[in-house]
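Let's take a walk through this model together. Keep the sequence and the 3D view open while you read.

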Amino acid sequence: MASKRLVLVWLCLTASCQSLKPAHQMQARDGFDSKIRCAVFLSPDCPIANAMAPSLGRLGQYAQQHDIETLLIYPRKGLTTRQVSNHAQSYGLVGHVVLDPDHRWVNSLDATVTPEAFVFSGGIENPNVLYQGRINDLYRGVGNRQEQARNHDFRNAIERSIAGNRESVSGPPAVGCTIER
Amino acid sequence: MIDPPPPTFEDVRDLLSQNCVACHQQEGPAPFSLTKSTDYQRRSAFIQALIQEDRMPPHLVASERWSDQEKDVVLRWLAAASRDEDSQTVPAPKVPSFRKDRSFRIPEGFVIPKEGGERWHRGDRDVRTFRLAPRADQLLRVQAWRFHSSAPREVESIGLVHDDGTIARYGDLQEPNTPGYEMTGDMGWRPAGMLGVLGVANSTFRIPDGFHFEVPQDHEIDFELRFRPSGIDKPLAATLEAELVPDQQKSRALHLIPLSIRSWRVKAGESGTLEQRWVSPIDIDVPLVSVRAGRRIRGVSLSVDGKRVFDIPDWDPHWQQTWEIPDLRMTKGMQVVATFNVDNSEENPRNPETPPRDIQFGRRTGALGIWLHAAAIDPVDQGTLQQIHRSIFEAQQSEPVETPRQIEQSPKASP
């Protein structure tokens, strides 16, 4: 079943998130497929993803408070669990770290760059994507960093789904480091 | 037709070494190392896109960039290279020689914050001014600077200046518990960058032979730091080293001729040009220039008697530094024009405000400018040159707020 493969959860980063149930249990008891989750594609050395880490940390926390889990997905081949969990920890990210060297999540969600954000329901086999796009507008292009983000598209998307809105919205495209196919 | 065989690693090694590894190495200013062939191959699509768009290597002045042929060889190598090849080393380019004659440092204790944010000083954010110690023990004739910091990836540029200590001390008192202060680094009529701007690409900076920057005895060196938060808090330690011109050696001091606009404003959506002109009253050499301009400036250029001698068509303050102009000599009576292309429209991808806002900038030493670092050809004129900076500065204080000449709109019909 899809749910078995869904458990690419390697590490729980915050103390409180340890109380979250493993994904397959949620599937069985809580109707996991309709549950909203967030995913963010990351790379430890993409300066664009790293620059957004502080806001991602806050968003992960916010989502968690609303019982929404965030997957921190690292698609690059050759990364180790230790490398990515160190990265997530030192940048204050909140969520479940996932290694995706075979690009199963990349292909499932059709991710293109790091950082790229998703809000979705369903599993890796049949995700229902409610939001795909940038986290915010800190970068208006590669190499074009603003001093501050003004539009927080990912946060808005999370808020919409907390409010029960299941409309599918694609945000402005994410700017970042290309995920190599 | 048969395509030529794709370039081999041997064909691109030196190009990558010169054009990438200078920055992309351990402790370098760039976010990851590109010191192995596989470092390129596993980012191949991304790197190809950046090279095609001329984002990397990031040089602003065309003469510092690689040629189209060189670029093409690297692109073809990237497109053809297989990720499974053995990793080969791309050597770091030779480090320029440097003799450390003096060393200055800032007090430790400031942490570059993990993200930018609203602070008390509106306008220039992510800017901070620091005082270096000790003071100059004698008149220093600086041939080269070298800047080291604990945060090479967060430091965008430093604009050097000297001061007798009174102005920076006042600034420091504003934030007594943390080194530095959150203000721009102008010291009265002496602007930050007067002793050169060191950026990502030139943390070791050699002044062309025969010229030097001068720091008066007992003055301190201060710098305006422009930094870029990187998502993680970074404690800042920084050292500036100076190589001096040997005592017996002849050399001419560089003085500042600021071609600057003290104050300017532009409406939302407008674009146009601003200009500053100056006629040299003496014969001078201008081996170096620096630029002060923000993100609403799309291009800057400099012409002498109608001939363009310096040109940055796509200005990006992130990559600012002091640049060399080879063989620029201006004889008495020659006119130099600094031109700034202003773009406060939505079309300007770097415009910090979307939608654009009406804005106005002002600064005692000039809100926008090209600075000539100049030396008199006749030693008798060196004193005059020193006065020029002051008199330009004083004259500037009564200049009105300027607005760009429109180039995008048709001129209004006059009655």
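## Where two chains meet

What is the area buried between chain B and chain A, and what percentage of it do carbon and sulfur atoms give? It comes to about 2500 Å², with carbon and sulfur atoms giving 41%. Buried area here is the accessible area (1.4 Å probe) that two parts lose on being put together, summed over both. On the chain B side, Arg42(B), Phe46(B) and Arg125(B) lose the most area to chain A, together 21% of what that side buries.

In terms of contact (heavy atoms within 4.5 Å), 33 residues of chain B touch 26 residues of chain A. Between the two chains there are three salt bridges, a salt bridge being a side-chain nitrogen of Lys or Arg within 4 Å of a carboxyl oxygen of Asp or Glu. Glu353(B) and Arg150(A) form a salt bridge through their side chains, at 3.7 Å from N to O. As for the residues of chain B that touch chain A, nine are nonpolar, nine polar and 15 charged.

## How to read the numbers

This is a predicted model: local features need pLDDT of at least 70, side-chain atom pairs count only at pLDDT 80 or more, and totals for chains, interfaces and linings use all residues. Residues are numbered from 1 along each chain as its sequence is written, chains are lettered from A in the order in which they are written, and side-chain values use heavy atoms, with hydrogens and water left out.

## A helix in chain B

Now look at helix H4 of chain B, residues 68-80. Helices (H or I, at least four residues) and strands (E, at least two) are DSSP runs, numbered from the N terminus.

Buried means under 20% relative accessible area (1.4 Å probe, protein chains only). In H4(B), the buried residues are Lys71(B), Val73(B), Val74(B), Leu75(B), Trp77(B) and Leu78(B). Their cover includes helices H1 (9-21), H2 (37-41) and H3 (44-52) of chain B.

Ser161(A) sits in helix H7 (residues 153-162) of chain A and counts as buried because its relative accessibility is 8%. Leaving aside neighbours within four places in sequence, Ser161(A) is in contact with Ile36(A) and Val119(A).

Gly299(B) belongs to strand S17 (residues 297-304) of chain B, and its 3% relative accessibility makes it buried too. With neighbours within four places in sequence set aside, its contacts include Ile312(B), Trp315(B) and Phe340(B).

Key. Expected span 1.5 Å × (residues − 1). Buried < 20%, exposed > 50% of the residue type's maximum accessible area, 1.4 Å probe, protein only. Nonpolar A, V, L, I, M, F, W, Y, C, P; charged D, E, K, R; others polar.
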